[in-house]
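Subject: Structure for your review

Dear colleague,

My notes on it follow directly after.

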Protein chains: 2
Amino acid sequence: MKSKLFTPGPTKIPGAVLSSVGKQVLHHRTPEFSVKVRHVQDELGRLLSTRNDVLLFTCSGTAMMEAAVANLFSRGDKVICLMNGAFGERWRDICNVYGVNVVEYAVEWGQSNDPARVGELLEQHPDAKAVLVIHSETSTGALNDIKAIAKVAEGHDAVTVVDATSSVGVHEIYMDDWGVDVLVAGTQKALMTPPGISFVAINGNGWRCVTKSDLPAFYFDFTRTWKRLQSKGQTPFTPAVSLIYGLETALQMMDDEGWNEIYARHRTMGEATRAAVKALGFGILPENPVNGVTVCVCPEGIDGNQIVRTMDDDFGVRVAGGQLGLSGKVFRIGHMGGIRERDLPMVIGALELAMAKLGYKVEIGRGLSALQDVLRA
Amino acid sequence: MKSKLFTPGPTKIPGAVLSSVGKQVLHHRTPEFSVKVRHVQDELGRLLSTRNDVLLFTCSGTAMMEAAVANLFSRGDKVICLMNGAFGERWRDICNVYGVNVVEYAVEWGQSNDPARVGELLEQHPDAKAVLVIHSETSTGALNDIKAIAKVAEGHDAVTVVDATSSVGVHEIYMDDWGVDVLVAGTQKALMTPPGISFVAINGNGWRCVTKSDLPAFYFDFTRTWKRLQSKGQTPFTPAVSLIYGLETALQMMDDEGWNEIYARHRTMGEATRAAVKALGFGILPENPVNGVTVCVCPEGIDGNQIVRTMDDDFGVRVAGGQLGLSGKVFRIGHMGGIRERDLPMVIGALELAMAKLGYKVEIGRGLSALQDVLRA
């Protein structure tokens, strides 16, 4: 039996998207394909509430973070990296590889970064060019207040660079209103597309950084990519055509459902899942939780990795373990994109049975009842 | 009507491959998926006749060329770039972006690079660390003699770095016997997979360059990627899972057909197509032609771009135009991967009808007869 995915990305892909992905490929230098590319760009822009340019790349979300660093900065530039989990730390690691100087602002995993503290750091480092931040930190389930952080950065003439890989399509994003200058994301999470396509949106402040950058970028060169998209609706290099078909279908499905409905659905799924796991004795790691993934803290004596393994092997449901320092201490239930409220009893049911099978104390049905209480409300 | 693709990549994707690509995604951090990754790595290694490591990346073929430069060299290193078309020039352009010093060895488009001349250049530049070359130059259809070039480079202690994107699966490659140190390729051509996965194979000499390199690479970091593949059969960042399914199926199909049979099929397709277009009055651009694409030179008064457009719009067959300086002067017929001998009358038939429709002088059936004469032999 193939397990059902309740992982925080890649997520379960809807059948309609898979069926687009499996179509015969169009040549990428044809007007028909350009129509698809422009359509996807426009839809992504609307989803981010931005009139900025949206550029598509064939790569993972991490590569898109790297592309932002390589296009925006120069060797020796100073930036502030907000770190509250594995992906925030990745901003720092990428900057280190490129010789960009990092001012680290780390908080304990599970916490969110404090906008006021960002302001203090920008006071101390008036030469900092940018603030790099994760919107939804998938490793801890913590949400950062991008609106407030971007406002603080703007007040200090620093650009705000946001990774929104696990928030886009889960939480509202108002790129232009919030004053976010550069936003990167992958499409393999709430955008319900098999992994492989990522994108960046960039405003005038971002482009001004690009013109000054001296770091090397060829495949990820934003200017070259923009020119080709602008003039021909094409990417400079052969893109993952099949995945762009899938993304187009996924965005159409999102339009059909309605964005407000999508955000409300994720809000309900977040609340219901948190209520269910709390009723089973688990803690919730983040103070300010995202709605796309629930990061469950295991009480003393329960091994998160064992739960993940047993749910997968014995009950056909795949959730994710904790990353790095959280390994064994937490497990993560993804509920975004193609997951609906009706799917949640499957994962909570499997969790209850896995606990029983492992000999942990559990009142079978208690998590499910708590789940239902939220869903019926 | 959707046109049939006879383009030199992306190529027509077999139904069995598409059906794998359209499958529900497995999570990329599972043993089941690791089995697929290792299987694909092994098959690619066997196809290249190498015992070297094969690393998979989600990106285009160009990005893989860039990754080789970023991983192997340092700022100020000197390399010799062999250029006989658009892709050879790309080696130079990438090196320029990274501050790697390029000794250019350009020949006229359509020619192949001369191994003896490579030897002379290495004499003149004993500090050159590497020779960068394209095996099958897709823009001109010219084949380079990699065996001879690698031998010359070896004699001067320079590493040989080969792009084999449009030769792998078309022409025999003996990476280890020939002494090729680093080989990069995409899988969207003769490997019959929708675009998005590329790979690099690297030997001990290549790895020695990697340890000395000071250029930045994070997503494309060969060492990080090797470690993760070695220990867990995983990629460090989320890969294009769907395309790896497709690649696995495509490689299985190639195994089933037999590699010698595949090389023989491409040889026949190359000879037959060249004979057919010559019978219709076109020239063949390269002196030493590859078997995956036929680059047809238009006689005075015939516009290659018009032929491409008419074949596509009126006869449902998509071939490719000339790149850069060759635009209008040539057109390119791709016949690799999923294309069989039986498909060739479709493209030659459409070419004849397009010529007639455009009012060019053509003896209908003459190209097809010449094609048949080769196919029946």
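In which sense do β2(B) and strand β10 of chain B pair, and over how many bridges? The two strands run antiparallel to each other, and 6 bridges join them. β2(B) covers residues 53-58, while β10(B) covers residues 197-202. Within this pairing, L56(B) is set opposite F199(B) of β10(B). Strand β2 of chain B is also mostly covered, since 5 of its 6 residues are buried. As background, strands of a sheet pair through backbone hydrogen bonds, either parallel or antiparallel.

Please note that this is a predicted model, and the remarks below should be read accordingly.

The fold of chain A

Chain A contains 14 helices and 15 strands. Its radius of gyration is 21 Å, close to the 21 Å that the globule rule gives for 377 residues, so chain A is as compact as a globular protein of that length. Along the principal axes, the C-alpha atoms of chain A fill a box of roughly 60 × 55 × 35 Å. Of the 377 residues in chain A, 58% are buried.

The domain assignment divides chain A into domain 1 (15-255) and domain 2 (259-376). The C-alpha centres of these two domains of chain A lie 28 Å apart. Where they meet, 23 residues of domain 1 of chain A are in contact with 22 residues of domain 2 of chain A. On the domain 1 side of this contact in chain A, 9 residues are nonpolar, 12 are polar and 2 are charged.

A sheet in chain A

One sheet of chain A is open and has 4 strands, in the order β11-β12-β15-β14, with antiparallel pairing. At its edges stand β11 (283-284) and β14 (320-321) of chain A; each has a single partner strand, so one side of each is left without a neighbour in the sheet. β14(A) is joined to strand β15 (residues 330-334) of chain A by 2 bridges, and the two run antiparallel. In that pairing, G321(A) has F331(A) of β15(A) as its bridge partner.

The loop between β14 and β15 of chain A holds L324(A). The phi of L324(A) is near 45°, a positive value in a residue other than glycine. Is L324(A) buried or exposed? It has 10 C-beta neighbours inside 10 Å and therefore counts as exposed.

How the two chains are related

Chain B can be laid on chain A by a turn of 180° and a shift of 0.0 Å along the axis, with an RMSD of 0.0 Å. The two copies are thus related as by a two-fold rotation axis. In chain B, the C-alpha nearest the axis belongs to G22(B), at 2.1 Å from it. Both copies use the same surface: 100% of the contact residues of chain B recur in chain A.

At the interface, 36 residues of chain B are in contact with 36 residues of chain A. On the side of chain B that touches chain A, the elements that give two or more residues are α1 (15-21), α3 (61-72), α4 (86-97) and α10 (241-257) of chain B. The residues on that side of chain B comprise 21 nonpolar, 13 polar and 2 charged.

Backbone points to check

Most residues other than glycine have a negative phi, and most peptide bonds are trans. The following places depart from that pattern.

- In chain A, the peptide bond from G9(A) to P10(A) is cis, with omega near -5°. P10(A) sits in the loop between β1 (4-5) and α1 (15-21) of chain A.
- In chain B, the peptide bond from G9(B) to P10(B) is likewise cis, with omega near -5°. P10(B) sits in the loop between β1 (4-5) and α1 of chain B.
- D157(B) has a phi near 55°, a positive value in a residue other than glycine. D157(B) is in the loop between α6 (146-155) and β8 (159-163) of chain B. With 11 C-beta neighbours inside 10 Å, D157(B) counts as exposed.

Yours sincerely

Definitions and conventions
Residues numbered from 1 in each chain as written. Chains lettered and ligands numbered in written order. Predicted model: local features only at pLDDT ≥ 70, side-chain atom pairs only at ≥ 80, totals over all residues. Contact = placed C-beta atoms within 7 Å. Nonpolar A, V, L, I, M, F, W, Y, C, P; charged D, E, K, R; others polar. Domains from an automatic or database assignment. Rg over C-alpha atoms; globule rule 2.2 N^0.38 Å. Buried ≥ 20, exposed ≤ 12 C-beta atoms within 10 Å, placed from the backbone. Least-squares fit on C-alpha atoms with pLDDT ≥ 70 in both. Pairing = 2+ DSSP bridges.
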